[in-house]
Amino acid sequence: MEVTSTAPVTVRVPAKVNLELRIGPLEDDGYHSLSTVFHAVELHDHVTVRAADEWSVTTTGVGAGIVPDDDTNLAMRAAKLIAARIGTDERLAIDVDKKIPVAGGMAGGSADAAAALVAVDAFWDSGFSPRELQDMAAELGSDVPFALEGGTAIGSGRGEHLVPVLSRGAFEWVFALHHDGLSTPAVYAECDRLRGNRRIPEPKPNTALMAALRAGDVDALASNLQNDLQDAACSLMPKLTTTMTTGLDNGALGAIVSGSGPTVAFLCADRTSALDLMVTLSASNVCDEVVSAAGPVHGAHVVHDVRHR
Ligand code: ATP
């Protein structure tokens, strides 16, 4: 198919934190079913695509040095998936500007894949429907569909089946980042090890958490944050427990390991307490970097004026 090439396209895509992550029993295929509540926060990567003679992917920003620059890069996989679907031989240069921590449990790679899908679709004006983009996203990875959607949503299956959640207002978060990442498969394996032979029920969403989101009740949300991978992440990286205690002792209403970690997310009462907590955590030595971000925010979308990012 002939494609219409245009000026470079930049897409902004958010990180996610799981407000709830319930992990089911280990299944025969080696995976776990899960029930999760994704929440997109205003910590963004930017992915730009432009016409080029050869395929390439270049990463700048936080953790860029450990992001692959070959076909294993999720943004590259997403771009080539669209190229294959529309049957073009044209090539693209992909630039990824990272703010989302790499291997931080905030789905940065999945976010870049979602951003690349949206950017390449817009660049070649390929006209895929939202449903077709969602199907391609699910093919690329179970966290990719949510990065397309953003907002707050229940994820089931492996996380790829999404239902939006009604939520009122905005929530203020502080994220404590650790530069030594945790491997997601290693954290799941540790979770299985810690569970031993215990019988694990099928995971399902917590109705009290849904009610807290519907009401915009930050205290109720804080007391219903739940992550079944948290013990495993803390077992592999014991300093996470100290990080969580430090935040809770300094004004956070709630604390949770984000996804498979090692990022720790703190829920704050308002913007002022989030800024106070940022200052305290930055002055402590319990993490490598601190950022604040509100949520929920929109999923991957084209930005027309990249100067203000
Ligand atoms: P999740 O929360 O989905 O488990 P994560 O946030 O812990 O993921 P990512 O930042 O997505 O972790 O990175 C996981 C691994 O994926 C990295 O170690 C990196 O080698 C690889 N990777 C491939 N493409 C990318 C990309 N575009 N950005 C970041 N990492 C990528």
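Let's start with the helices around the ligand: H1 (74-86) and H2 (108-123) each put at least two residues into the shell. A word on names: helices (H or I, at least four residues) and strands (E, at least two) are DSSP runs, numbered from the N terminus. H2 gives the most to this shell, with four residues.

Two housekeeping points. This is a predicted model, so local features need pLDDT of at least 70 and side-chain atom pairs count only at pLDDT 80 or more, while totals for chains, interfaces and linings use all residues. Residues are numbered from 1 along each chain as its sequence is written.

How many residues surround the ligand? There are 21, and the closest are Leu74, Ala107, Gly108, Gly109 and Asp112. Being near here says that the C-beta atom, placed from the backbone, lies within 6 Å of the molecule. By class, the shell holds nine nonpolar, 10 polar and two charged residues.

The axes of H1 and H2 come within 7 Å and cross at roughly 30°. That makes H1 roughly parallel to H2, as angles under 35 degrees count as roughly parallel, over 145 as roughly antiparallel, 65 to 115 as roughly perpendicular and the rest as oblique. The axes are lines fitted to C-alpha atoms, for helices over the stretch in contact, with angles from 0 to 180 degrees between N-to-C directions. The crossing of H1 and H2 is right-handed, that is, the near helix is turned clockwise from the far one by less than a right angle.

Most residues other than glycine have a negative phi, and most peptide bonds are trans. Ala103, in the loop between strand S4 (91-98) and H2, has a positive phi near 55°. A cis peptide bond joins Gly261 and Pro262, with omega about 5°, and Pro262 sits in the loop between strands S9 (254-257) and S10 (264-268). The bond from Gly295 to Pro296 is cis too, with omega near 5°; Pro296 is in the loop between strands S11 (289-295) and S12 (301-303).

Definitions and conventions:
Nonpolar A, V, L, I, M, F, W, Y, C, P; charged D, E, K, R; others polar.
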